[in-house]
Amino acid sequence: MLASSVTSLLSPASVVIVGASTSGDKPGTRLVRALAGRFAGPLYGVNPRRLDVPGVEWAATIEDLPVVPELACVAVAADEAVRAVEALGKLGTRAAVVYSSGFSEAGEEGTARERTLREVADRYGMAICGPNTAGLLNIGNGLVGTFTHALETGEPSPGNVAVVTQSGAVGGMILSHLVERRVGIRYWLSVGNGAVLDVADYLDALAEDPDTHVIGMFVEGIRDGRGFLRAADRCRAAGKRLILFKAGRTEDGARSAASHTGQLAGSSEVYDGVLRQHGVTVCRTVRDLLDALTLAATGAAMGEGRALVLSVSGAGCTVLADEVSGSRLTLASLAQSTTSAISEQLPGFSQTGNPVDLTGSVLMDLSRLDAVIRAGESDEGVDLIVITFATNNTTEIADAVAAAWRRTKPLLVVLPVAPTLAQPMREALRAGGVPVFEDMADAVRAADALFATRRNESRDADVARTRTGAVENGRWAGGQEALAQLGSAGLPTVVSERFASAAGAGEFALARPGNYVVKVDHPAILHKSDIGGVRVGVASADVTTVCLQIRDSARAVVADFDDEGGFVVQEIAESGAEVLVGVTQDPTFGSVLTVGVGGTLTELMGDVAFAAMPATSADIRDMIDSTRLGAYLSDYRGGSRDRDAVESLIADFQRYALAESIDEAELNPVIVRAAGAGCVVVDARMLLPESEPIQPALSVR
């Protein structure tokens, strides 16, 4: 899509409304009301009756328009909308908003109609918002190309926040709350079906807009996952903050999202991991999205997340401290000079550590409140201040807090009392630009979300190498063959051998006295331990007997075990932390790296992190730290494990998987030994492109 066409969509010099009306509550009527008197440029309407509306020049048909409008707002039925876009394209119009439903969300006939619309847009190089959209807003030039009822909340104030939404209804709800909170808006964009322009296209355009600093997104599914990530990286490189809520996190929600948008919803866990990897703040609820946008719009930076907690209630201090402790923020350790300065302003019985019990005395003398806040601001160990008021909510207090807000450090205010009681102070604070929250947990989650978002990094530009389709005619390799493949690629693997018979396994072990791990090996048996197919600490003399016992268990599961099955005899790896490393295919983002706690705890704990491949070394470190694996490696049974070695193994495995077109793989467990002692792959299973198996080599790695 030509960048100039997208510019015509978002910042047109002239607009025409096709389907304009002045009767009833039709979309065309509401568009006329919204644009007339607001839009800064020439405004035209197409209606055979040539209606009389101040500020609107009328034409009976598209062909009768006196000029070529840069943007068309098309508010007619679906079939008529396609014909109108065709006529506009012939005329030279660069962009259109198609509000009509009846496209890909409406079955095969609608899908065909949407395909035709896309072909028309491609033919004339037009940017299309929609179809099935609630429209768009550009507050800067008065382009109110939407009929959302959210505008009944009030007139949006200009600001630095852009909202991109796949749902007009939910997007309208978000807009109404932002308007009520006095959050300044730059753009509001309802993607609709995204027949021509998807979320990624809007991100690309917003990355180039110097007046957009924060981008909030409501998505149900992303059609072009890799395109979205590239656009997100460009936004982050341009200094934009990206905040997203994804619907369809559950199985039922995903089905609903697919039927609503016609797009795959994908795994919520993969979405979360991959988006965070690319600097996107992911929110769990729409309310969290609103709170994060409210805070981000102020430009507040959370620094190292060290919070000073203030409350007029001792109990409030306790609750806020609990909330901070349950987040990635920390309670700031106050300098002695800060504690002394605070103590001078408070009664002797008050708590002057962190959290600080202000008591009600500071509300009687607001200069004391200001002095406490200034003490926190001057402490280099404090990054943000959270203050909660329970009673005595007055505009005088709001003025004092707003004055403090306009100084250096972020200051978040919580008014946990009933909204009607808090209204005067809340409105006064919002008028002063102060972010206000109804609940202590809301404030902490908002600060935590902004603090936790990773910095953007320079990424491998060749992400197109990562494939999004599965290997055709691939075959599964497990056990010994998989270890042989990994060993040939230079990854450290445990010494092992595969045998087709129990007798052969026994002879091997007797020739090398010691204790072994004995495993079943069959392509249909994925979870060996579930059928008793893994025995540890088997003496050489007992290997044959154990293999026969494993064979009997395997026969009950797979009928052809005697034809394809066998046994793997491995040296016992030195004990250590057990790690899972793998790769999987996601329908949205393609090849995804997985890292987590391994061994028998994998399914029980479900503690796995995801990152789109290729993942950087910083991504790999973050994956480890975002799971229990970080603590597992740093303090395992009284000693740290060789984290550097496992990070190197993960990076080497990723390179191997990309180079060899490995779509699915699981290395589990990888045993990580004591610091400096390395790590080793003990078992693996991989989906390989069709090829001759690599014969295992017996060598210590």
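This note goes through the nonpolar cores and the salt bridges of the structure above.

1. The structure is a predicted model, in which local features need pLDDT of at least 70 and side-chain atom pairs count only at pLDDT 80 or more, while totals for chains, interfaces and linings use all residues. Residues are numbered from 1 along each chain as its sequence is written, and side-chain values use heavy atoms, with hydrogens and water left out.

2. The largest nonpolar core holds 86 residues, and those with the most contacts inside it are L9, V74, M217 and F228. Helix α3, which spans residues 78-91, gives the most to this core, with seven residues. A nonpolar core here is a set of buried Ala, Val, Leu, Ile, Met, Phe, Trp, Tyr and Cys residues joined through side-chain atoms within 4.5 Å; buried stands for under 20% relative accessible area, exposed for over 50%, and partly exposed for what is in between, with a 1.4 Å probe and protein chains only. Helices (H or I, at least four residues) and strands (E, at least two) are DSSP runs, numbered from the N terminus.

3. When its neighbours within four places in sequence are left aside, V74 is in contact (heavy atoms within 4.5 Å) with V18, A81, A84, V85, L88, A96, V97, V98, Y99 and S100. Apart from the core to which V74 belongs lies another core, of 82 residues, which includes V312, V414, M425 and A447.

4. Across the whole structure, a search finds 37 salt bridges, each being a side-chain nitrogen of Lys or Arg within 4 Å of a carboxyl oxygen of Asp or Glu. One of these joins R223 and D198 at 3.8 Å, N to O, and the pair links distant parts of the chain, 25 residues apart, with R223 in the loop between β11 (214-219) and α7 (225-237) and D198 in the loop between β10 (185-190) and α6 (199-207). R223 is partly exposed, at 43% relative accessible area, whereas D198 is buried, at 8%.

5. A salt bridge also joins the side chains of R368 and D365, at 3.6 Å from N to O; R368 is partly exposed, with a relative accessible area of 30%, and D365 is likewise partly exposed, at 32%.

6. D607 and R628 form a salt bridge whose closest N and O atoms are 3.4 Å apart. Because D607 lies in the loop between α22 (601-605) and β27 (608-612) and R628 in the loop between α23 (617-625) and α24 (629-634), the pair ties together parts that are 21 residues apart in sequence. D607 counts as buried, at 13% relative accessibility.

7. Finally, a network of salt bridges links R287, D288, E438, D442 and R445.
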